[in-house]
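Student: Could we go through this protein together, a bit at a time? I'd like to start with its surface.

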Amino acid sequence: MAGGVNRKISAASARAHTRRAKQNSSFQLPPGIFTKALVALFIGFSAWTYQAIQPPPSKIIGSPDGPPVTAPFIKLSDGRRLAYKEHGVPKENAKHKIVFVHGFDSCRHDAVVAETLSPETVEDLGIYIVSFDRPGYGESDPNPKRTVKGMASDIEELADQLGLGHRFYVIGFSMGGQVLWSCLKYIPHRLAGAAILAPVVNYWWAGFPANLSTEAYSQQLQQDQWALRVSHYTPWLTYFWNTQKWFPASSVVAHSRDILSDQDKELMAKLEKRGTYVIEFETLRMWAEVLFGYPYR
């Protein structure tokens with residue numbers, strides 16, 4: 001046969017051959033690349049989440065990048081600084097020596113009892129009051145190893161170094177009330193008396209009547225109800241929740257006046273003249289721990 005074999009190719013065969021050629025030449029991802037991408041994305045998101053929920057490092061008072069030291073202070077046994085402020089008659093002449101514990105978003109200047117008692121009453125009763133910046137507030141160093149017992153020990157050391165005697169009184173205001181429970185538990189032999197003023201409560205305490213706690217809880221702002229839920233159920237998210245910008249955080253942390261009466265708003269305007277002070281970011285986590293079961297470390 002003079003020529004090659006003459007083969008006829010149908011149109012359908014030609015199209016099928018063309019499709020196979022295109023499929024063979026198309027780009028294909030390496031096997032498992034999609035799974036690896038998801039893992040990398042998850043790791044990146046987890047790292048961002050971890051950074052978002054961590055408070056920034058504390059600025060130590062008196063350090064080059066920290067606030068200056070302006071208040072008298074004692075050095076505790078572990079080396080931390082505890083700043084304080086004295087009120088009333090000299091302690092050498094005092095008949096009643098009181099350690100005042102301030103609340104959340106406050107400091108040693110907010111000694112409510114010292115500010116509301118008349119000078120005549122203070123003098124007649126011989127009252128001496130010392131208020132102090134709780135660890136991480138004002139000019140007191142933070143205590144990264146804080147425990148319930150540790151706060152009571154700080155107060156005991158403060159009283160000893162200031163020479164308040166074997167027994168003294170303690171008063172806790174608002175969040176400072178939880179510190180008094182520590183004192184009653186760990187240093188009752190040092191207390192002449194204890195008083196709690198307007199203490200913060202835990203709405204999940206089993207000892208509360210359910211109808212009472214539910215009614216009190218529902219009277220709060222919605223943003224505070226959510227802040228308490230986050231603190232109760234996911235305390236490790238407390239710092240993030242109170243610093244994020246997507247949803248309203250705690251009205252106290254946000255310095256909102258919506259929860260105040262007109263009379264309270266007038267008083268707050270007077271307090272603003274005192275100026276600003278330092279509150280360590282770690283106290284936002286402590287806020288949750290105090291309200292919903294302060295951890296024993």
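Tutor: Patches are made of residues with over 30% relative accessible area and no salt bridge, with like charges joined within 9 Å and nonpolar side chains (Val, Leu, Ile, Met, Phe, Trp, Tyr) within 5 Å. Accessible areas come from the Shrake-Rupley method with a 1.4 Å probe, and for residues only the protein chains shown count as cover. A salt bridge is a side-chain nitrogen of Lys or Arg within 4 Å of a carboxyl oxygen of Asp or Glu. This is a predicted model, where local features need pLDDT of at least 70 and side-chain atom pairs count only at pLDDT 80 or more, while totals for chains, interfaces and linings use all residues. Residues are numbered from 1 along each chain as its sequence is written, and side-chain values use heavy atoms, leaving out hydrogens and water.

Student: Which residues make the nonpolar surface patch?

Tutor: Ile-33, Phe-34, Leu-38 and Leu-41 make it, and it covers about 420 Å². Ile-33 belongs to helix α2, residues 33-53 (helices are DSSP runs of H or I with at least four residues, strands are runs of E with at least two, and both are numbered from the N terminus).

Student: Is Ile-33 buried, exposed or partly exposed?

Tutor: Ile-33 is partly exposed, at 35% relative accessible area, since buried means under 20%, exposed over 50%, and partly exposed in between (1.4 Å probe, protein chains only).

Student: New topic: how many disulfides are there?

Tutor: The count is zero, where a disulfide is a pair of cysteine sulfur atoms within 2.5 Å. Cys-107 is buried at 0%, and Cys-183 is buried at 0%.

Student: And where is Arg-146?

Tutor: Arg-146 lies in the loop between β4 (127-132) and α5, and is buried at 11%.
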